[in-house]
Amino acid sequence: MKDLLEIRKILINSLLVLGFFCAILITIFFYFFYQSSSNDVKEANNSYKEGESSTTVSIRKAAFNHALELYLELENHFQPEFGNGKLYFNIANTYFQLEEYPLAILYYYRASALSPYDKTIQDNLSIALSKVHVQNKAEKTPFKTIFFFHNLLPLPIRFQIFFIFSLVALIMFSMWFWGFNKKLKLGALFFLSISIIMFFSLLYSYFLENPSAIIIKPTSLYRGAGTQFAKVSDIPVEAGSKVTVLQVDEDGEWLKIEENNTIGFVQSNSIKII
Amino acid sequence: MTFRCFFSVLLISIFFNFPLFSGDVQLSVQLDRKENFVGQPLSGIFNVQHNREDIVDTNSVLLGKESLKVEFVRDVTIDTNSPLVVSFYKFQLPPQEAGTNVLPAISVKVGDEIYKTQPLTYEVQAPIKTIPPESNSQKTYTPYLKLESFIEGKVPLYIGQKIRVGYRLFFNDTYDLDEIVLPLIEAKGFKKIGKERVNEFTETRITVRQIDQEIEALSTGDFIFGPSYIVGAIYGTNVRGKKQLIYNNIKAETPAVTITVLDFPKQGKPTSFNGSVGEEISFQVELKTTSSLNVGDKLTLQLQFTSKNDISNIKLPNLCCQPGFPGMFQVDDIPPVGKNQRNILIFSVGMRALSTQATSIPSIEFSYFNPKTERYEIKKSKQIPIVVSSRPQNKSESKKQEQQQDSEQIVWPEVSNQTKPIEIKTIYPIDGWDLQNRYFGTWKVFMVVPFAVFAMILQFYLLEYKKKWMRMNEAKKSQKYLKKAKIENISSSEFYLYLNLALISSLKEAGIILDKDYSPQDLPKDGISGEIKNFLTYLEEQRFSGKETYDRKELIFEAENFLNRIQGKI
């Protein structure tokens, strides 16, 4: 019996020491990671500011181009698809300053998807859309009204809600299970139901929802996946237009899209998914 | 007399045909007779194929290094559509010595350049043969068949360049051709453009049939065609009106022709180069439609190429890939066909404006390879300003816009290096944490589902285990009490207390009672608990009555028996 107690004591002590070292290593890693990334971020921010304050077109262009290069490198490295959208907003601003309005619109939409209530993003998006003479279409449907949380809450927030509510439900169920308090079961069921709603909302987003995309260069809509097919209309789809992607062909070269209730195919190099 | 001489010269030219290809000018020389004899002057004919505009300078004719007097016979037009003519000249040389002799190269100035024939070998025989008198029919009629190959266009040529090749067949009767070998028309290794072209014309009694084919060079190398030949026979009719062979196995042959195709040099090749070849080409672009248009409207550009030289090898520049075109203009899918008007080649290119940001037709770069200088040359057109407006939503708006365009003068933006005011709100001063995805904000959080299920299952088993473990611990307690009872004396009150505790604890361990603080009277009457209740009540009665008739060993045995029975149930 004594041996068992001693083994248990040694095990606990070892775990404590290991945990301590792990905590130190993680802290060091995050510190250096933060330092290295923040240097690039600072340089990009400064370059953008320099572009804003420059007095000649050439200096401004050079500064914005440098900022864009750094921001795109950061985007490529970190891929903050579930972040707060600030990096996307900065990229969009830089594209705007370089008069690449369709790409600016694309990144404003990406930022807006992550921070839908940010007024600055919405304001800049409106200006960018006006530059390419495209209107911001926000359609209201009964589905969207009923499942408001699905459209109003950004994807990462829905993930967080799902995770926290699931975890709380699990803890409460566990406590009820071990006989702490019988009323805990009701609370656990409430949290579980919210997390189930979020779960289905997330599954819908992943499996059923058609992604939106931005036309980055004017292109014709074809009746089939190839230039040998006839054009749906002589008038091309304007750059900066927001469209719905219905299908992507096997080799990813052509996308079936819907734009203003017109369905057609466009080449993948003229469109980017938000 | 002149005509006679001309045809007699042509008669023997079947066997002596040495064309020299150099651009459009070709020279050949033939001697009048197959057999030449000592003491007999040599006569021959010398023909020059050239452009009608180029003048053949007869005073410049040299035989080797010495001047040669030639006499013009006549010009023969090859084709009414072709500027080429063949000029025939006759010449005479003094008698030569017996044996094999060489006729040196004959050179002549045609236009601004000098051209030469190949040296010609001929035999002069010593004894003069007695020529038998010819029959009347042979005097008046001799079969004549001659084959000549030609190339229109400059050689060597480059990949993608086009030339016209073919044959000229001279004959004076109706031939039944038994064998035809004309490899230039087949043009293996080249791409044939269109069908072969056949033209026929007659000059006095000689018929000339020209067969030619346009070809395009596909790959580099030396392509040898020939020798080419035709073999035929002449038939006539006898007195009974039946077909009768008059001349058999008449063969006309021309030497092999080599066409060299070169690759374009890699050094200095411009990005816009797409295979155009020519010399001193000028390039001009004009907008043929209105300069004010809406997004999606069609506009037409006219690209004009001018050169004094050949323009058939000019190709339309790839407009879709020129700087300033992608994203701004969409060029029509159907490639335009160039209109060749003498020395001017015109392409009309249709396109649509795609964006309001298109403020001009960008400068178009046209590059071509100049074979004369062996260098690439680049021409750039001027920018053409245009105004592209967004497409009006309805008719009234469209009309309004048209009226506005009519009334207003177009104000061109000033070109300046001054910056415009910033129109949008500035960036967020982000830091390293803004680059991260939100914690628990990604698809990875779905891992919580299997984790929760696992946690619940684990807890369920833990709870079960806990119950079992507690029971086991309790079982150990009843045994402990019994052990203590065994040590005590029967007369001591602890003996009864431990015995009591051992039995009641064992009932609790088995889950028969809920608490071990039960008194013997409170125990259930049924089953083993009833038996224990009776046993303990009896023991208590005996103990307090002072009778104490029981044996200690017996009591312990009885208690052990109860414990074994209860633990067997656990």
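**Interface and backbone**

Modeller: Happy to! Chain A and chain B bury about 5,700 Å² between them, with carbon and sulfur atoms giving 64% of that area; buried area here is the accessible area (1.4 Å probe) that two parts lose on being put together, summed over both. This is a predicted model, where local features need pLDDT of at least 70 and side-chain atom pairs count only at pLDDT 80 or more, while totals for chains, interfaces and linings use all residues. Residues are numbered from 1 along each chain as its sequence is written, chains are lettered from A and ligands numbered from 1 in the order in which they are written, and side-chain values use heavy atoms, with hydrogens and water left out.

Colleague: How many residues of chain A are in contact with chain B?

Modeller: 71 residues of chain A touch 51 residues of chain B, where contact means heavy atoms within 4.5 Å.

Colleague: And how many salt bridges does the rule find across the interface of chain A and chain B?

Modeller: Three, taking a salt bridge as a side-chain nitrogen of Lys or Arg within 4 Å of a carboxyl oxygen of Asp or Glu. B:Lys420 pairs with A:Glu99 in a salt bridge, with the closest N and O atoms 3.9 Å apart.

Colleague: Which helix gives the most to the side of chain A that touches chain B?

Modeller: That's α8(A), with 13 residues. Helices here are DSSP runs (H or I, at least four residues), as are strands (E, at least two), numbered from the N terminus.

Colleague: How do the residues on that side of chain A divide?

Modeller: Into 37 nonpolar, 21 polar and 13 charged. Ala, Val, Leu, Ile, Met, Phe, Trp, Tyr, Cys and Pro count as nonpolar, Asp, Glu, Lys and Arg as charged, and the others, Gly among them, as polar.

Colleague: Changing topic: where is B:Pro227?

Modeller: B:Pro227 sits in the loop between β19 (221-225) and β20 (228-237) of chain B. The peptide bond leading from B:Gly226 to B:Pro227 is cis, with omega near 5°. Most peptide bonds are trans, and most residues other than glycine have a negative phi.

Colleague: What about phi at A:Asn261?

Modeller: A:Asn261 is not a glycine, yet has a positive phi of about 65°. A:Asn261 belongs to the loop between β3 (254-259) and β4 (262-267) of chain A.

Colleague: Is A:Asn261 buried or exposed?

Modeller: Exposed, at 72% relative accessibility; buried means under 20% relative accessible area, exposed over 50%, and partly exposed in between (1.4 Å probe, protein chains only).

Colleague: And what is phi at B:Asn249?

Modeller: B:Asn249 has a positive phi of about 55°. B:Asn249 lies in strand β21 (residues 243-254) of chain B and is exposed, with a relative accessible area of 57%.
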